[in-house]
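Subject: Handover of a structure and notes on its contents

Dear colleague,

Please find the structure below, followed by my notes on what was found in it. I would be grateful if you would read the notes with the model open beside them.

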Amino acid sequence: MFKYLKQLTSLVAMVAVLFAFTTETMAAKKSKTLKNTQKKGFVRCGVSQGLPGFSNADAAGNWTGVDVDVCRAVAAAVLGDANKVKFTPLSAKERFTALTSGEIDILSRNTTWTLSRDADIGLTFVGVNFYDGQGFMVRKDSGITSTSQFKNGISACTNIGTTTELNMRDFFNSKGISYEPVAFEKADEVVAAYDSGRCDTYTTDKSGLAAQRTKMTNPNDHIVLPETISKEPLGPVVRQGDAVWEDIVRWSLNVMIEAEEYGINSTNADSMKTSDNPQIKRLVGSEGELGAAFGLDNDWSLRIIKQVGNYGESYKRNIADTGILPDRGPNQIWTKGGLLYVPPAR
Amino acid sequence: MKFKKILPQLLTLLFIVLIFGFFTMNAQENMDTRGIEFGFGFLKQEASFDIQFSLIDYDGSHSYARAYLVGLLNTLLVAFIGIILATLLGAVVGIARLSPNYLIKKTASFYIEFFRNIPLLLQIFFWYFAALRALPMPEDAPLLLNSSFMTIKGLYAPAPIWTNFNIFFITLIIAMILIFFFSRYAKKKQEIEGKQLPVLLISSTIFIGLPLLTFLIGGVDLSFSFPVIRQMSQSSYTFDGGFKIPPELIALTLALTLYTATFIAENVRAGIQGIGKGQKEAAASIGLTPSQVLKLVIMPQALRIIIPPTTNQYLNLTKNSSLAAAIAYPDLVLVFAGTAMMQTGKAIEIVGITMATYLTISLAISLLMNWYNKRIAIQEK
């Protein structure tokens with residue numbers, strides 16, 4: 001009798017192990033990245049080398065910013081803890097190689113979504129977390145208030161390896177102005193060169209200008225011109241070829257945006273479980289089985305909202321309250337006149 | 001027996017081939033899953049980005065191949081200027097270190113110890129940010145030599161405008177060929193008859209006189225376009241006309257020269273000290289002046305010691321010039337392995353081309369220096 005019991009328990013254990021194995025790795029089996037992330041216990045995230053409001057490390061090495069929050073949301077969804085992220089600071093030049101070579105699994109580094117990047121170099125853009133456009137910064141005492149006052153021979157500092165370099169050429173060519181492009185590898189050197197007077201203007205995404213202005217010797221001596229010369233939809237990027245991982249990152253971002261749309265934030269998320277609105281209940285995991293589709297439990301989205309907050313909270317904490325861009329402009333929910341419109345999580 | 005000897009070599013070869021094969025397959029597979037295609041077709045595509053400083057005609061409507069050429073020429077330019085200046089400075093400082101004058105000797109060794117022991121990248125940043133920041137804005141720049149302006153935006157110098165430059169250039173080459181044959185003739189004459197001709201005087205007369213003649217009779221003419229200041233906005237100015245050298249090139253050349261010259265100076269010192277004291281004393285005893293001793297007796301022998309390690313320094317300087325990317329000098333790394341790689345996403349192809357290019361440049365310098373080294377080596381008879 002005892003002998004049978006022993007056999008039975010081992011059989012049950014075996015079945016249980018087998019079962020646990022199959023359920024837990026159905027999606028993980030499909031996604032090598034998810035499996036590796038769960039095994040390692042942290043999300044590998046590529047960020048900028050320091051762009052206040054987007055991805056910036058403080059003296060203690062804590063990363064903050066709206067780009068950082070995307071990676072934190074994925075960590076909260078996949079690993080249950082928004083702090084389980086390993087950030088890798090990357091220059092504009094290194095970023096895509098780092099992603100395609102597998103050094104990082106998410107690139108969340110104010111990266112513009114373009115056709116050639118999406119289709120040509122083995123990357124997939126999963127969404128837009130900041131609608132931006134390229135602008136120009138000039139010294140206030142130059143008296144320039146519009147790009148129409150630019151004259152031949154203007155020298156423009158910028159970063160290499162960005163869409164900025166291409167837009168700049170298109171812009172100056174269309175205006176028929178001759179210019180001198182001074183392109184550096186790192187943003188800090190661009191700021192230093194422009195600040196010292198090497199260049200007459202500094203051009204990059206307007207959010208970047210607003211953020212870098214805070215690094216100038218006298219931020220108030222500089223103004224960002226009102227003109228926007230390009231569309232720069234910035235968003236997180238993943239490697240091509242892992243559809244499950246791509247979906248996880250896409251929907252982690254979408255949940256943050258949709259949570260704001262439905263008024264769910266980090267403080268009221270738990271109480272929303274008993275809401276009358278089924279869409280709200282789906283977002284906090286008290287209805288439906290949304291997580292199962294990517295092999296996650298049903299609280300994945302609740303964890304994102306509780307630990308990272310909705311998009312509005314992230315924007316306020318990182319960009320508005322730090323004085324970089326208090327006005328949300330196009331980065332407002334569509335119901336409030338902005339461009340943030342994501343497919344429904346259902 | 002023979003087979004036993006070959007076997008380990010064969011195995012090593014097989015091992016290396018397998019490793020390379022594995023990496024190639026792996027890269028191929030990874031690129032396939034990510035939908036990246038391997039190929040060099042992008043070189044013909046329009047680059048659509050501009051480059052700040054170019055020796056050849058270039059703008060964004062040219063191809064990536066042309067952008068590569070721009071970067072390559074910029075690298076060669078800074079390496080060429082750097083090697084010449086570092087050699088001159090290195091030779092002077094190296095000789096100065098052996099000077100009997102205490103002040104000269106100590107200054108030289110202080111310079112060497114100081115610049116040799118600070119990382120090059122730091123020096124490049126120093127010259128670019130610290131030293132250039134001290135330069136005036138265009139509107140405050142003083143007039144240098146009645147023609148040029150040194151400003152934070154670069155050095156603006158008069159640009160030569162030639163008419164019939166090719167005639168001038170050909171005459172210059174003819175002059176150089178004449179000098180070559182003349183000095184050979186003079187040397188032979190000295191060997192046979194013991195008579196010394198004033199080689200330097202005659203050579204320089206040919207070198208200056210012949211091209212000058214073309215101005216008088218060849219229809220060659222030279223005028224200059226001087227830089228003229230122009231206001232762009234209430235606070236910013238620029239110069240029109242003239243010839244502009246960007247501050248990035250100046251800072252990079254300065255840093256590379258000052259850094260590499262310290263090593264060359266040490267090579268020169270070692271070379272001179274490597275020649276026996278007896279040589280110097282013997283030369284002095286037959287009545288040669290100190291400068292003649294150096295030029296005719298010490299240096300020809302010292303060069304054999306100096307050349308091989310100095311070749312290394314030339315290679316280092318060329319490779320170190322790739323640090324240009326840090327300060328926006330558009331060299332091969334910044335333009336091609338930087339912007340072009342980013343815009344096309346062809347990482348493997350572009351890094352491969354860039355590596356092959358540096359390898360070719362380095363091998364070319366090596367070959368040239370080895371040839372020179374063989375030429376000055378002692379000919380055993």
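The centres of domain 1 and domain 2 of chain A, taken over C-alpha atoms, are separated by 30 Å. The domain assignment places residues 24–131 + 234–327 in domain 1 and residues 134–230 in domain 2; such bounds come from an automatic or database domain assignment. Where the two domains of chain A touch, 14 residues of domain 1 and 14 residues of domain 2 take part. Two residues are in contact if their C-beta atoms, placed from the backbone, lie within 7 Å. On the domain 1 side there are seven nonpolar residues, six polar and one charged. In this division Ala, Val, Leu, Ile, Met, Phe, Trp, Tyr, Cys and Pro count as nonpolar, Asp, Glu, Lys and Arg as charged, and the others, Gly among them, as polar.

Basis and confidence

This is a predicted model, in which local features need pLDDT of at least 70 and side-chain atom pairs count only at pLDDT 80 or more, whereas totals for chains, interfaces and linings use all residues. Residues are numbered from 1 along each chain as its sequence is written, while chains are lettered from A and ligands numbered from 1 in the order in which they are written.

The pLDDT is the predictor's confidence in each residue, from 0 to 100. Chain A has a mean pLDDT of 88, with 92% of its residues at 70 or more. Within chain A, confidence is lowest in helix 1 (residues 2–30), at a mean of 55, and highest in strand 5 (residues 106–107), at 96. The pLDDT is below 50 over residues 20–25 of chain A, a stretch that has one contact in the model beyond near neighbours in sequence.

Chain A

Chain A contains twelve helices and 14 strands; these are DSSP runs numbered from the N terminus (helices: H or I, at least four residues; strands: E, at least two). The C-alpha atoms of chain A fill a box of roughly 95 × 45 × 35 Å along the principal axes. Of the 346 residues in chain A, 52% are buried. A residue is buried if 20 or more other C-beta atoms lie within 10 Å of its own, exposed if 12 or fewer, and partly exposed in between, with C-beta atoms placed from the backbone.

Helix 3 of chain A (residues 66–79) is mostly covered, with 13 of its 14 residues buried. After helix 3 of chain A comes G80(A), whose phi is positive, near 85°.

A211(A) lies in helix 8 (residues 206–213) of chain A. Why does A211(A) count as buried? A211(A) is buried because 25 other C-beta atoms lie within 10 Å. Leaving aside neighbours within four places in sequence, the contacts of A211(A) are L51(A), P52(A), G53(A), F54(A) and I324(A).

Where the chains meet

In the model, 39 residues of chain A are in contact with 31 residues of chain B. Strand 10 of chain A gives the most to the chain A side, with five residues. That side divides into 13 nonpolar, 13 polar and 13 charged residues.

The largest nonpolar core has 154 residues, and those with the most contacts inside it are V74(A), I248(A), A67(B) and L252(B). A nonpolar core is a set of buried Ala, Val, Leu, Ile, Met, Phe, Trp, Tyr and Cys residues joined through C-beta atoms within 7 Å. Helix 7 (residues 247–273) of chain B provides the largest share of this core, 13 residues. Both domain 1 and domain 2 of chain A give residues to this core, so it lies between them. Not counting residues up to four places away in sequence, I248(A) touches L34(A), V74(A), A77(A), V78(A) and F294(A). A second, separate core of six residues includes A141(B), Y156(B), A157(B) and F239(B).

Chain B

Helix 1 of chain B (residues 2–33) has 32 residues. The count of buried residues in helix 1 of chain B is zero. G35(B) follows helix 1 of chain B and has a positive phi, near 70°.

I161(B) is placed in strand 4 (residues 159–163) of chain B. Is I161(B) buried or exposed? I161(B) counts as exposed because it has 12 C-beta neighbours inside 10 Å. I161(B) and L222(B) are 61 residues apart in sequence and 5.7 Å apart in space, C-alpha to C-alpha. Apart from neighbours within four places in sequence, I161(B) is in contact with S223(B), F224(B) and S225(B).

With kind regards

Technical notes: The expected span of a helix is 1.5 Å times one less than its number of residues.
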